[in-house]
Amino acid sequence: MARALINVPAKAKRGEIVEIKTLIQHEMETGFRVGTNGNMIPRDIITDFVCKYNGEEIFRAELFPAIAANPFFAFSTIATESGTISFEWTGDNGFVASESADITVE
Amino acid sequence: MRAATLVFVLAAVTVAVARATEIPLVERKSGYDFMGPDTRAMQDDDTTNPGMLWVLDGETLWKRKAGSADKSCADCHGDAATSMKGVAARYPAFDAARGRPVDLEQRINICRTERQQATPLPFEGKELLALSAYIGHQSRGLPIEAGADARAKPFVEAGRKLFNQRQGQLNLSCAQCHDDNWGQKLAGAPVPQGHATGYPLYRLEWQTLGSLQRRLRNCIVGMRAEPYPFDAAEYVDLELYLMWRARGMTIETPAVRP
């Protein structure tokens with residue numbers, strides 16, 4: 001499975017806006033490049049990224065070939081309750097990766 | 001008009017030649033100092049620095065058994081956080097058996113073939129980059145000491161000679177950009193001083209991690225000269241000279257560059 005780096009604050013105050021940062025290892029091969037043998041290199045990208053907070057979707061992104069390798073996402077949410085923030089990336093050739101992080105809201 | 005341009009170019013070249021001196025130690029700057037705030041922030045935060053993905057891969061490889069000796073790096077060297085601390089700051093280092101310096105990538109492959117009885121990892125492959133990034137990372141923040149060994153001195157000199165040697169269709173030497181014209185612009189990008197403080201590093205242009213040899217190949221191709229094959233002695237001499245030139249500066253591995 002691809003490596004991912006997640007940054008979610010471990011603790012937050014109720015109602016506080018927290019920043020979430022994610023970075024995942026992926027080549028994001030565009031499908032427009034030509035290999036050394038003259039053939040097109042087939043497209044291999046991440047197509048979807050979803051973040052859920054205790055099962056509820058809070059952020060979603062669709063990815064396209066122009067997005068750089070090792071895509072990075074930063075977004076914010078309001079800390080409402082303690083629980084788990086889960087992340088899932090899906091892409092071409094059956095690519096699936098998931099991560100999760102716990103947050104304690106006081 | 002054309003003649004006037006030629007005179008101007010000749011004058012510029014003459015000025016550049018006249019200046020050919022090494023950068024005084026106190027005026028040295030890492031490539032980091034030439035970057036914008038966004039790229040700096042990317043390098044500084046371990047959760048945004050893509051090089052850390054390779055460091056994590058390297059940590060896994062460090063513990064993975066390989067070869068017919070069925071040994072991992074950790075089986076001999078133990079915890080890299082202690083055993084590899086400061087090691088990358090001393091590389092390329094003189095190898096007595098070979099009678100010449102070897103760089104970190106070559107050292108990893110020597111360990112693989114001689115100790116692990118495994119096949120050497122291909123240059124610029126994901127695994128070798130991951131291992132060298134992981135080992136390099138253990139020296140982050142430490143001062144560069146490469147080239148201090150007296151036995152390495154002739155190779156530092158050989159590297160210096162290569163650095164100052166004009167080559168390629170553009171007839172340029174490394175020194176003409178990185179000693180004489182650092183801080184100027186090449187196309188839109190600033191010309192850095194060429195201190196190899198953060199290799200292997202994540203280059204946004206490459207969209208991946210790359211070694212110092214890859215960077216050197218880039219420059220050599222840019223001068224329209226023919227690059228040496230990976231692993232060539234000339235690269236190691238150049239790497240050694242560059243590290244000696246950056247002596248005392250801090251290791252940034254894995255750095256991020258534009």
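**Spaces inside, and the place where chains meet**

A: Gladly! In this predicted model, a search of the whole structure turns up one cavity of 30 Å³ or more.

Q: Which classes of residue make up the lining of the largest cavity?

A: You will find 10 nonpolar, five polar and three charged residues there.

Q: What about pockets: what volume does the largest pocket have, and which residues lie nearest its centre?

A: A pocket is an open space, whereas a probe in a cavity cannot get out. The largest pocket has a volume of about 1,300 Å³. Its lining counts 44 residues, with B:His178, B:Leu186, B:Val191, B:Pro192 and B:Cys219 nearest the centre. By class, 26 of the lining residues are nonpolar, 13 are polar and five are charged.

Q: Which element supplies the largest share of the lining of the largest pocket?

A: That is H10(B), with seven residues. Among the other elements of chain B that each supply at least two are helix H1 (2-19), strand E5 (201-203) and helix H11 (233-245).

Q: Now the interface. How many residues of each chain are in contact?

A: Chain B brings 15 residues into contact with 13 residues of chain A. Between them the two chains bury about 1,200 Å², with 55% of it on carbon and sulfur atoms. On the chain B side, B:Thr47, B:Leu53 and B:Gln207 lose the most area to chain A, together 48% of what that side buries.

Q: How many salt bridges and polar contacts cross the interface of chain B and chain A?

A: The rule finds two salt bridges across it. For you to look up, here is a salt bridge between side chains: A:Lys21 and B:Asp45 meet at 2.7 Å, N to O. There are also eight residue pairs in polar contact across the interface. Helix H3 (residues 51-63) gives the most to the side of chain B that touches chain A, with six residues. By class, that side of chain B has six nonpolar, five polar and four charged residues.

Conventions
Residues numbered from 1 in each chain as written. Chains lettered and ligands numbered in written order. Predicted model: local features only at pLDDT ≥ 70, side-chain atom pairs only at ≥ 80, totals over all residues. Heavy atoms only, no water. Contact = heavy atoms within 4.5 Å. Buried area = accessible area lost by both parts, 1.4 Å probe. Salt bridge = Lys/Arg side-chain N within 4 Å of Asp/Glu carboxyl O. Polar contact = N/O pair within 3.5 Å; in protein donor to acceptor, adjacent residues only side chain to side chain. Helix = DSSP H or I, 4+ residues; strand = E, 2+ residues; numbered from the N terminus. Nonpolar A, V, L, I, M, F, W, Y, C, P; charged D, E, K, R; others polar. 1 Å grid on protein atoms, 1.4 Å probe; cavity = no way out; pocket = protein on both sides within 12 Å on 5 of 7 lines; lining within 4 Å. Points joined across faces, edges and corners; volume = space filled by probe spheres on them.
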